[in-house]
Amino acid sequence: MRIEENIMTASATSSSSKLPSAIAVRGGDDNPLADPLARRTYTELPHPYRTPFARDAARILHSRAFRRLAGKTQVFTRLSADSPSDHFRSRLTHTLEVTQIARTLSATLGLNVELAEALALVHDIGHPPFGHAGEKALDQALQAHGLSFDHNLHALRIVTWFEERYAAFRGLNLTLAVREGIVKHSRDYSPTDHPELADYFLTQFPPLEAQLIDLADEIAYLTADLDDGLDSGILTLEQVREGVPLFRRFHDGVLQQYPVAAPKLTVNETLKHILNLLVTDLMNEVRAHVAAHSITSLEDVRQAPSRLAALSPQVEADRAQAKHFLYTNFYNSPTMEEAHIHATKVVQELFTALIADPAQLPQDHQAQIPTQGLARTVADYIAGMTDSYIEQAWLRSGAH
């Protein structure tokens, strides 16, 4: 069987039909009476030709925190022998890949593409340096002070306070829909544990545009990390074929169709087909869940018995198996463990040094201590750093 036939089988149930338009968040103007989700903390006049969510996407794209994603780890910080290739994903390139997938999904389903784009652009803006290893280290450091670190909640702090671009207000003054999506795209928060998030409908599910972001993220990094893992040499092609049946099934079809193609090209073809399968399956499942629950409005989405964005059981099993393979053989591999140990050392030693000597903090952060507390202020400062900047700050602090 040719590989196109495999893909057509996966895509056969896909339809160009769109979901009922009432499901999509409107966001057509800045009038909160017309659309409460377009409400901003500080009232602004409507823009003559841009919707509120298009304005939000632009504000995120032009923010300093977004630019810093170029210097933050996606998977690689360093390799034991050589510097990482320039071709490996950073947190920024990963974000752009998620945005492309989110736009495709939302456009095909007839949802609000501009809202989905804004949410995809902002979804990782709260991540600290050194990827998940850095986030874990920062969370552990804060736990000693009775606090914790959550990159979604930190992202909300960035867009509502830390970004300073406007004379009239602090933060980016994003719409309620985007702020809700920042909080809830990947998890549900308890209103009892987080009373400070009362404005974000914690007892209800978020709009479909926000629900799609979490799976767009999963799809993007699954295929990208297989690619980077193979490029780095940490994973071998034989290892991936053995450990990821989903990869092997498509790779066998590619080899049959292109028997003399270079291995790198057969990998590229395989990952492209996996990406297509996952996106198509997600589209089909969203349509099926909407139909099964007779969803015809945004309120129906919010009150549904579960989130409506999900993969089919078989494809979800394939995705989970591939993710487990990546954790076992890539993220937690001996090669990566050295980088994780270094990340933990740098983050926690710098945190301790700044707690002991807050005078090392910039003046604008020192000014936050009376209201935010020293530990949270130090964590906010560290979380904003790029990988290279935290290394320099660590060396300057004398903590090493």
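Me: The expected span of a helix is 1.5 Å times one less than its number of residues. How far apart are the end C-alpha atoms of helix α12 (residues 263-292)?

Reply: This is a predicted model, in which local features need pLDDT of at least 70, side-chain atom pairs count only at pLDDT 80 or more, and totals for chains, interfaces and linings use all residues. Residues are numbered from 1 along each chain as its sequence is written, and side-chain values use heavy atoms, leaving out hydrogens and water. Helices are DSSP runs (H or I, at least four residues) numbered from the N terminus. At 1.5 Å a residue, the 30 residues of α12 should span 44 Å, which agrees with the distance between the end C-alpha atoms, 43 Å.

Me: Is S294 buried or exposed, and with what relative accessible area?

Reply: S294 is placed in the loop between α12 and α13 (298-303). Its phi is positive, near 55°, although the residue is other than glycine. Buried means under 20% relative accessible area, exposed over 50%, and partly exposed in between (1.4 Å probe, protein chains only). S294 is therefore exposed, with a relative accessible area of 53%.

Me: How many of the 25 residues of α9 are buried?

Reply: The 25 residues of α9 should span 36 Å at 1.5 Å a residue, which agrees with end C-alpha atoms 36 Å apart. The helix is followed by G233, with a positive phi near 85°. The rest of the structure largely encloses α9, because the buried residues number 23 of the 25.

Me: How are the rings of Y42 and F169 arranged: stacked, edge-to-face or tilted?

Reply: Rings of Phe, Tyr and Trp (its six-membered ring) pair if their centres lie within 6.5 Å; planes under 30 degrees apart count as stacked, over 60 as edge-to-face and the rest as tilted. There are 4 aromatic pairs in the structure. Because the centres of Y42 and F169 are 5.3 Å apart and their planes stand at 5°, this pair is stacked.

Me: Which residues form one aromatic cluster?

Reply: F169 is buried, with a relative accessible area of 11%. Y166 and F169 form a tilted aromatic pair, 5.1 Å centre to centre with 35° between the planes. Y42 is partly exposed at 39%, and Y166 is partly exposed at 30%. The one cluster is formed by Y42, Y166 and F169.

Me: How far from the ring centre of F201 does R302 lie?

Reply: F201 lies in the loop between α8 and α9 and is partly exposed, with 28% relative accessibility. A charge sits over a ring if NZ of Lys or CZ of Arg is within 6 Å of the ring centre and within 35 degrees of the ring normal. The charged end of R170 sits over the ring of W161, 3.8 Å from its centre. R302 lies over the face of F201, and its distance from the ring centre is 4.4 Å.

Me: What relative accessible area does E163 have?

Reply: E163 has its place in the loop between α7 and α8. Leaving out residues up to four places away in sequence, E163 touches S63, R64, A65, I158, R170, G171 and L172. E163 is buried, and its relative accessible area is 4%.

Me: Which residues have a pLDDT below 50?

Reply: The predictor's confidence in each residue is the pLDDT, from 0 to 100. The chain averages 92, and 92% of the residues score at least 70. One stretch, with 26 contacts in the model beyond near neighbours in sequence, has a pLDDT below 50: residues 1-15.

Technical notes. Helices (H or I, at least four residues) and strands (E, at least two) are DSSP runs, numbered from the N terminus. Contact means heavy atoms within 4.5 Å.
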